[in-house]
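Hi,

Here is the structure I promised to pass on. Have a look at it first, and then read my notes below.

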Amino acid sequence: MTKKNILHFQKLKDNGEKIALLTAYDYSTAKVLDEADIDGILVGDSLAMVALGYENTYNISIDEMLVFIKAVARGAKNSFIIGDMPFMSYNLSVEQGLENASKMIQAGANAVKLEGCNEHILELVKRCVESGIPVLAHLGFTPQLMQTIGGHKVQGKTRENTEKILECAKKLEKAGAFAVVLELMNSESAKYITENLEIPTIGIGAGADCDGQIVVTDDILGKFTDFKPKFVKHFANIHEVSLNGVKKYSEEVKKGLFPSENESF
Ligand code: KIV
């Protein structure tokens, strides 16, 4: 297996093949995803909630993200690793964004992900790409803007809103983004946007017609159980397996069954 790069995603779209991305925050999970030959790994700022127990994604800093990116990069040798730029780590100025994006690349990410598409973001995407930093854009519902949006609102429900998102996606494509995440969107609208872009769309709660899908690994493996968004399907139940394992361990320790001869020196 060879290390994947941005051309891999465009090739899949051009061949009409789907793209499968997942999140990882630690070495062991990254190794599993790498072994499964997943197309790409996002070290998402969702780790603030999933790995650190915060209520939302506002409480994670660039320096904290770097620790997780380094761990994932040590575990995933062939997957394409995308570092998620956390809240306010790229909004103050293009220079601030460039500096923090370069820290992510130096920590082992192969690309960065940014939310939104105002003039500042478009300039930042352009400057990142010119500097050798691939960018994954993020439109539709953008969690870092949740307070100004007014909560988890499905996007692309009207023609006007869908056209606005498409216009944004086209600008990001022109600025050099290699793909765009479409989060929490009406399926028909996501399909329309996908058909009108050259670069791939990666959906999360945006229906089956995006070029690819991304979800939080801990959600689909049933490890994170605080809540389950409608767009999540459980492909395993790690919480139950772990709980049973921990109970069995505790029971055996208390009964004096563990450690046995096998585990002793
Ligand atoms: O932080 C995250 O995990 C994301 C999603 C797109 C999966 O941004």
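Here's one to start with: which residue just after H11 takes a positive phi? Gly256 does, with a phi of about 75°. Bear in mind that this is a predicted model.

While you're at that end, check the helix itself. H11 covers residues 238-255, and at 1.5 Å a residue its 18 residues should span 26 Å. Its end C-alpha atoms are 25 Å apart, so the helix agrees with that expectation.

On domains, the chain is divided into domain 1 (6-234) and domain 2 (238-265). Their C-alpha centres lie 39 Å apart.

Now the barrel. It is closed and has 8 strands, running E1-E2-E3-E4-E5-E6-E7-E8 with parallel pairing. From one strand to the next, the twist averages 25°. For a closer look, take strand E1 (residues 19-23) and strand E2 (residues 40-43): they run parallel and are joined by 3 bridges. Leu21 stands opposite Gly40 in E2. Helix H4 (residues 62-75) packs on the sheet, where it touches E2 and strand E3 (80-84). The direction of H4 makes about 155° with that of E2.

Last, a helix pair. Helix H6 (residues 119-130) packs against helix H8 (residues 159-175) at an angle of about 25°, and their axes are 8 Å apart. Angles under 35 degrees count as roughly parallel, so H6 is roughly parallel to H8. Their crossing is right-handed. On the H6 side the contact is made by Ile121, Leu122, Val125, Lys126 and Val129, and on the H8 side by Lys171, Leu172 and Ala175.

Cheers

Methods. Residues are numbered from 1 along each chain as its sequence is written. This is a predicted model: local features need pLDDT of at least 70, side-chain atom pairs count only at pLDDT 80 or more; totals for chains, interfaces and linings use all residues. Side-chain values use heavy atoms; hydrogens and water are left out. Two strands pair if DSSP finds at least two bridges between them. Helices (H or I, at least four residues) and strands (E, at least two) are DSSP runs, numbered from the N terminus. Axes are lines fitted to C-alpha atoms, for helices over the stretch in contact, and angles run from 0 to 180 degrees between N-to-C directions. Contact means heavy atoms within 4.5 Å. The expected span of a helix is 1.5 Å times one less than its number of residues. Domain bounds come from an automatic or database domain assignment. Angles under 35 degrees count as roughly parallel, over 145 as roughly antiparallel, 65 to 115 as roughly perpendicular and the rest as oblique. A crossing is left-handed if the near helix is turned anticlockwise from the far one by less than a right angle, and right-handed if clockwise.
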